[in-house]
Amino acid sequence: RQSYQQVKNALPWLDASVWPAEPAAFPTQAAPIQTDFAKAVPADPQLAASLPRLRDADGVRLLRLAPRAFPPETCGALFDRMAQAGMPLAILHTDLDFAAIQSLAQARPSLKIIIESGPRKLIYHYMAVKQILLACPNVYLCTYNFCNWRGHEELIAMGLGGKLLYGSHLPLFSADAAMAPVIMGEFDWQTKCAIAGNNLRRLLGLPE
């Protein structure tokens with residue numbers, strides 16, 4: 001336990017998936033956010049002209065696709081501006097299927113896309129996850145729902161470690177559920193630091 005805490009305290013966490021307005025699954029056990037995180041807001045097409053202000057004044061680092069309110073086909077101008085500003089788009093895999101995500105990524109290779117797990121575990125879509133990460137240089141994967149499989153080790157062995165971004169989906173889940181596979185993973189320290197936060201920092205143009 002002491003070793004776990006020491007490694008946890010030493011890693012440069014930057015959370016790619018915090019949902020402040022979402023209720024906790026277990027309210028009495030919910031812990032507050034204890035690390036830095038990338039603030040996200042819904043991808044509203046009206047934001048196309050205000051991305052620099054959102055980033056510099058409001059600290060918004062990601063836009064999250066909200067397809068029920070704003071389908072991807074209505075967001076073309078916004079996606080263009082996001083690509084220019086270096087602001088990634090986060091997409092729940094239950095909001096847009098992998099074929100549609102891959103089509104969007106290949107149509108807009110300058111737009112950085114982060115796949116977040118929806119309510120269904122990613123292990124059910126493992127072949128699709130591998131395919132899209134290998135096929136699309138601009139697609140990254142948030143790691144908070146790597147339940148019941150050695151996802152980090154398997155994807156790192158495939159050369160995809162640079163595409164893995166730590167995320168907790170707080171407050172719905174515990175941060176340690178996503179941190180533990182990084183802390184205890186069978187891969188080197190530099191890769192742990194990269195997944196814990198430095199991959200996302202590079203993606204956002206922030207110093208490691």
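Q: Where does Gln102 lie in this predicted model, and why is Gln102 counted as buried?
A: In this predicted model, Gln102 is a residue of helix H4. Its relative accessibility is 14%, and buried means under 20%, so Gln102 counts as buried.

Q: What makes the pairing of the side chains of Gln102 and Gln131 a polar contact?
A: The side chains of Gln102 and Gln131 are joined at 3.3 Å, and a polar contact requires a pair of N or O atoms within 3.5 Å, so the value falls within the cut-off. Leaving out residues up to four places away in sequence, Gln102 touches Gln131, and it also touches Ile132, Ala135 and Cys136.

Q: Why is helix H4 called roughly parallel to helix H5?
A: Helix H4, residues 98-107, packs with helix H5, residues 126-135, at an angle of about 5°, and their axes are 10 Å apart. Angles under 35 degrees count as roughly parallel, and therefore H4 is described as roughly parallel to H5.

Q: Which residues of H4 and H5 meet, and how do they divide by class?
A: From H4 come Phe98, Ile101, Gln102 and Gln106, and they meet Ala128, Val129, Gln131, Ile132 and Ala135 of H5. The residues of this contact divide into 6 nonpolar and 3 polar, with no charged residue among them.

Q: Why is helix H1 called roughly perpendicular to helix H7?
A: Helix H1, residues 2-10, and H7 pack at an angle of about 95°, with 10 Å between their axes. Angles of 65 to 115 degrees count as roughly perpendicular, and so H1 is placed in that class relative to H7. On the H1 side the contact is made by Tyr4, Val7 and Lys8, while Asp176, Met179, Ala180 and Ile183 take part from H7. By class, this contact of H1 with H7 has 5 nonpolar residues, no polar ones and 2 charged ones.

Q: Why do E3 and strand E8 stand at the edges of the sheet?
A: The open sheet is formed by 6 strands in the order E3-E4-E5-E6-E7-E8, with parallel pairing. E3 and strand E8 (164-165) each have a single partner strand, so one side of each is left without a neighbour in the sheet.

Q: How do you know that strand E3 and E4 pair, and that strand E5 and strand E6 are joined too?
A: Two strands pair if at least two bridges are found between them. Strand E3, residues 39-42, and E4 pair over 4 bridges in the parallel sense, and Pro42 stands opposite Arg64 in E4. Strand E5, residues 89-92, is likewise joined by 4 bridges to strand E6, residues 113-116, and these run parallel; here Leu92 stands opposite Glu116 in E6. H4 packs on the sheet, where it touches E5, E6 and strand E7 (139-142), and its direction makes about 170° with that of E6.

Q: Why does Gly162 count as partly exposed, whereas His169 counts as buried?
A: Gly162 lies in the loop between helix H6 (151-157) and E8, and at 43% relative accessibility it falls between the limits of 20% and 50%, so it counts as partly exposed. His169, placed in the loop between E8 and H7, has 6% relative accessibility, which is under 20%, and therefore counts as buried. Gly162 touches Tyr140 and Asn199, not counting residues up to four places away in sequence.

Q: What is the phi of His169, and which form does the peptide bond from Leu170 to Pro171 take?
A: His169 has a positive phi of about 55° although it is not a glycine. The peptide bond from Leu170 to Pro171 is cis, with omega near 0°, and Pro171 is found in the loop between E8 and helix H7 (175-183). Most residues other than glycine have a negative phi, and most peptide bonds are trans.

Definitions and conventions: Residues are numbered from 1 along each chain as its sequence is written. This is a predicted model: local features need pLDDT of at least 70, side-chain atom pairs count only at pLDDT 80 or more; totals for chains, interfaces and linings use all residues. Side-chain values use heavy atoms; hydrogens and water are left out. Axes are lines fitted to C-alpha atoms, for helices over the stretch in contact, and angles run from 0 to 180 degrees between N-to-C directions. Helices (H or I, at least four residues) and strands (E, at least two) are DSSP runs, numbered from the N terminus. Angles under 35 degrees count as roughly parallel, over 145 as roughly antiparallel, 65 to 115 as roughly perpendicular and the rest as oblique. Contact means heavy atoms within 4.5 Å. Ala, Val, Leu, Ile, Met, Phe, Trp, Tyr, Cys and Pro count as nonpolar, Asp, Glu, Lys and Arg as charged, and the others, Gly among them, as polar. Buried means under 20% relative accessible area, exposed over 50%, partly exposed in between (1.4 Å probe, protein chains only). A polar contact is a pair of N or O atoms within 3.5 Å; within protein, one must be able to donate a hydrogen and the other to accept it, and residues adjacent in sequence count only if both atoms are side-chain atoms.
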